[in-house]
Amino acid sequence: YQKFSKSLRPYRKILEGVQAVQSGEASRSLLIVAGQAMNIQWLQIWSVLGSWVGKKHALRVLAITSRQKPIQNLYLRLFRFKLVYLEDMEIDQISLPSQFVNQVTKLKTIDDFKSYEYESIPFGKMALSTFSRLRASGIIDASNPESRAAVRYWLERIYKSVCAAKQLYAAENVSMLFFTEVFMEEYGALYYAALNSNLNIIRFAGTVRDDAIVVQHLTHESDRTHFSSISEKSWRSILRYPDSLKMKEELERNFEDRYGDRWALSNRNQPNTRIMPVCEARE
């Protein structure tokens with residue numbers, strides 16, 4: 001943290017010269033969704049980009065975080081972002097509608113939970129994903145009363161979190177959000193509350209490369225699409241490219257870099273491997 005903080009000195013001088021774009025809306029906000037345990041990489045990137053976007057577009061910058069994450073909160077305070085604590089959102093005080101409760105009570109099987117949606121939000125899939133993540137297992141025994149109760153807990157918790165998120169967005173006039181996780185635990189609720197409010201959602205994702213990230217604009221049309229997927233429009237554009245030796249060489253180099261030892265993640269994910277000829281692999 002100290003090393004990163006010192007490295008920002010030249011950037012702060014650049015930030016002083018950023019001219020704001022005139023906007024007709026007053027006191028709009030950018031919300032950074034750090035949640036309970038965000039990777040330090042994203043806190044560093046978001047502190048820089050959030051401060052620039054905030055000044056450029058005259059946005060107040062807020063961050064959702066936890067009181068239990070002091071190091072995370074140090075990063076979020078580097079540019080005096082307003083911190084909104086999950087513990088203060090009073091999620092448990094929100095009442096569940098009787099229709100929702102009745103429907104959840106009737107869910108018995110994995111398929112019941114998996115297919116359950118309410119107000120066009122896939123609560124069932126998010127609850128199952130959260131259940132599996134917290135137990136580090138993809139096995140869910142729906143015949144077990146304890147497992148069913150745990151999944152129902154997350155169904156209800158996520159619903160309440162959606163309601164709390166909508167209240168926050170309205171109170172703080174949130175117009176843009178930075179995410180990376182958008183489906184499990186509190187992140188899914190915050191994301192779908194923003195999606196159903198038609199807010200400007202920017203998702204960041206890592207890549208195997210040391211020098212690149214993916215930035216995706218999420219809408220109802222792109223919801224649940226992989227961040228590395230290609231849209232129909234982009235694919236049509238690619239199909240118009242003439243075949244060339246250069247493109248083939250770049251593709252082969254990309255493959256070798258991804259599965260070789262050029263990038264740190266490749267080294268971590270695939271140690272003691274080598275590229276072998278096709279015929280050898282077939283044998």
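This is a short chat about the fold of a predicted model.

Reader: New here. How many helices and strands does the protein chain have?
Author: The protein chain has 13 helices and 6 strands. Keep in mind that the model is predicted.

Reader: What box do the C-alpha atoms fill?
Author: Roughly 65 × 60 × 40 Å, taken along the principal axes.

Reader: And how many of the 283 residues are buried, as a percentage?
Author: Buried residues make up 40% of the 283. The accessible surface of the chain comes to about 17,300 Å². Carbon and sulfur atoms hold 50% of that surface.

Reader: What about contacts between residues at least 6 apart in sequence?
Author: Of those contacts, 65% join residues at least 24 apart.

Reader: On to the sheet. Which order do the strands take?
Author: The order is E3-E2-E1-E4-E5-E6. The sheet is open, with 6 strands and mixed pairing. Strand E3 (82-85) and strand E6 (213-218) are the edge strands, and each pairs on one side only. On average, neighbouring strands are turned by 25 degrees against each other, direction ignored.

Reader: What holds strands of a sheet together, in general?
Author: Strands of a sheet pair through backbone hydrogen bonds, either parallel or antiparallel.

Reader: Take E4 and E5, then. Parallel or antiparallel?
Author: E4 and E5 run parallel, joined by 4 bridges. In E5, Arg203 is the bridge partner of Phe179.

Reader: And E5 with E6, parallel or antiparallel?
Author: Antiparallel. There, 6 bridges join strand E5 (residues 200-206) to E6. Ile201 has Leu218 as its bridge partner in E6.

Reader: Is E5 enclosed or open to the outside? Why?
Author: E5 is largely enclosed by the rest of the structure, because 5 of its 7 residues are buried.

Reader: You mentioned Arg203. Where is it, and is it buried or exposed?
Author: Arg203 is found in strand E5. Arg203 has a relative accessible area of 16%. The cut-off for buried is under 20%, so Arg203 counts as buried.

Reader: Which residues is Arg203 in contact with?
Author: Leave aside its neighbours within four places in sequence. The contacts of Arg203 then include Phe179, Thr180, Val182, Val214, Val215 and Gln216. Leu218, Thr225 and Phe227 are also among them.

Reader: What does the side chain of Arg203 reach?
Author: The backbone oxygen of Thr180, at 2.9 Å.

Reader: And where is Lys246 relative to Arg203?
Author: Lys246 and Arg203 are 43 residues apart along the chain. Their C-alpha atoms are separated by 31 Å.

Reader: Switching to helices. What does H3 lie across?
Author: Helix H3 lies across strand E1 (29-33), strand E2 (60-65), strand E4 (174-179), E5 and E6. H3 runs at about 155 degrees to E4. Helix H9 (residues 185-195) also packs on the sheet. H9 touches E1, E2, E4, E5 and E6, and its direction makes about 145 degrees with that of E4.

Reader: How many residues has H3, and what span does it reach?
Author: H3 covers residues 40-56, which is 17 residues. From first C-alpha to last, H3 reaches 24 Å, close to the 24 Å expected at 1.5 Å a residue.

Reader: Which residues of H3 are buried?
Author: The buried ones are Trp42, Leu43, Trp46, Ser47, Gly50, Ser51, Val53 and Gly54.

Reader: What is at the start of H3?
Author: A side-chain oxygen of Asn39 reaches to within 2.7 Å of the backbone nitrogen of Gln41.

Reader: And just after H3?
Author: Ala58 takes a positive phi of about 55 degrees.

Reader: What phi do Arg80 and Arg224 have?
Author: Arg80 has a positive phi of about 60 degrees, although it is not a glycine. Arg224 is not a glycine either, and its phi is positive at about 65 degrees.

Reader: Where are those two?
Author: Arg80 sits in the loop between helix H4 (70-76) and E3. Arg224 is in the loop between E6 and helix H10 (232-239).

Reader: Is Arg80 buried or exposed?
Author: Exposed, with a relative accessible area of 78%.

Reader: Back to H9. Is Glu185 buried or exposed?
Author: Glu185 lies in helix H9. Glu185 counts as buried because its relative accessibility is 17%.

Reader: What is Glu185 in contact with?
Author: Beyond its neighbours within four places in sequence, Glu185 is in contact with Thr130, Arg133, Leu134, Trp154 and Ile158.

Key:
Residues numbered from 1 in each chain as written. Predicted model: local features only at pLDDT ≥ 70, side-chain atom pairs only at ≥ 80, totals over all residues. Heavy atoms only, no water. Expected span 1.5 Å × (residues − 1). Buried < 20%, exposed > 50% of the residue type's maximum accessible area, 1.4 Å probe, protein only. Polar contact = N/O pair within 3.5 Å; in protein donor to acceptor, adjacent residues only side chain to side chain. Pairing = 2+ DSSP bridges. Axes fitted to C-alpha atoms, helices over the stretch in contact; angles between N-to-C directions. Contact = heavy atoms within 4.5 Å. Areas by Shrake-Rupley, 256 points an atom, 1.4 Å probe, with all protein chains shown as cover.
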